[in-house]
Amino acid sequence: MNPPYPGLKYKIEGGKEFWEGPLSFVARFDSVRVKDTFKICIELSPEPGEFPLVMENGGRIESLLARGKAKRAVDLHVNPNSTICFCPKPEERRRFHGVLDLKRFIQELVIPYFFALHQFEKTEKWIWGQYSHGHLGIMEYYFDHKSDNDTALLQDCLKAMGFASGKVMENKVQLNGHEKCPCGSGLKFKKCHPMALAGLKAIIKDYFNSDQS
Amino acid sequence: MTTKEFFEKLLSSQVLLEGQLKILSDNRAEVEGFLRNKFGQEPIIRYAGSKAKGTMIAESYDLDIVCYFPSSEEESLKKIHDKVQQALALKYLIEPKASAVRIKRVDNQVETDYHIDLVPGRFIDGSTGDAFLHVAYGGEKERMQTNIDTHISYIQKSGCQDAIKLMKLWKMRNNVPIKTFVMELVVVAVLKDSKTKADFSKSLTEVLSCLSGDIETMRLADPANSNNIVSEVMTAAEKKETAVKATESLNIIADEGHSLFGWQKVFDEGVGSGIWTEPIVIINPSKPHCNI
């Protein structure tokens, strides 16, 4: 089987499929060039089109946390199960339209994440920014990417925020800019996460204008 | 891939993207607008450096601008330099250099490598050619005469722009402390009469050989003023280290039999254990997000 990226080796363990090994890349963003190697493990999903789970198992993320460069794993966009969050869920569909090409996945999401992590190790900043955690990030994402009549994006964002349960939106609809920010900071929403507030307002407006209502 | 294709790919990877070019033109417009507010329409403000010469590389670019007052300006060169510096300090994070004022860029509160070097000066006569600059190299000389049109023309007519770009890339990737203008003059001195400039394997080997054997002793004059010995702006230590790095690169190339592999190593293009692929340019990356 041809590896999706040189250096990665295929294995089956516990009925699951993996690509594991060193991910070595040379990449450039604007005038910043990074040459680095991260040890990773990619767990393939049995569902076609579903994103694989990726973990960094070379200790670099662990080292950042141990040195106090980030307070929590989630601040490095790492889930409690050590898998990495490369992008908001709706971005997966936008980029890949339900068809997962592993090589493209590595080039467009995995390498850029590790490029940014390399820069974070040096500067403690995310070079091209990051979305806020949880639903706030989805709202920011919606605000960044919405365009007229893009009901598919609206659907994806609502789904990412758990709209199917109905509960999230009910809660959020009551919030406005002067309310306390849902992130728990104690600050006003419009001061603390203004882009998320803009995204929420856009979501609500587009929701009531779309076929969803 | 052949060695020729490798160099062509390197060169094409260094073409500035539209976004980068826009940053340069926006920054120039912003700085020019600010200076016009302060000093009116009199100073000539224009591109200098690699943008004007056609030797800019995407991996390490900055903006060079000159701000030359007319010859009728009565203030001393030092006063001109200081007033421009003080004006810029009101708006920007600046760092004084020997003849330039460096405006540093800060993105997301992180200081980036990109910067704008602005050189204040005064034209010598009524033309817009020769100019005096105030210089602070620490010696007795505080004034230098030069002409950026001559510099630009010298580089453009040399036919060596691509070789210069490749050597700038080599400098960057190997942390070589040679001044960029000195590097340009070395490349032109070595290759100007060469009929095989575009054979980069051959021509870069010649330039590296010059850096390895001669940089510590060669005297490179400013094409606009033979009294300015440009190579004197480098310290002995910088010249020595440049020679060492050039020698190391030559040894790598020789050890690898002048093959593609050797050049890939010299340009740090990720070779060695067969686990690297072609360098990628990240465009439109996704911001990470944790849905927790």
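A residue counts as exposed if 12 or fewer other C-beta atoms, placed from the backbone, lie within 10 Å of its own, as buried if there are 20 or more, and as partly exposed in between. By that definition B:N175 is exposed, because 8 other C-beta atoms lie within 10 Å. The model is predicted, so that local features need pLDDT of at least 70 and side-chain atom pairs count only at pLDDT 80 or more, whereas totals for chains, interfaces and linings use all residues. Residues are numbered from 1 along each chain as its sequence is written, with chains lettered from A and ligands numbered from 1 in the order in which they are written.

**Confidence**
- The model scores ipTM 0.83 and pTM 0.75.
- Chain B averages a pLDDT (the predictor's confidence in each residue, from 0 to 100) of 88, and 93% of the residues score at least 70.

**Positive phi**
- B:N175, although not a glycine, has a positive phi of about 50°.
- A:E124, also not a glycine, has a positive phi of about 60° and is exposed, with 11 other C-beta atoms within 10 Å.
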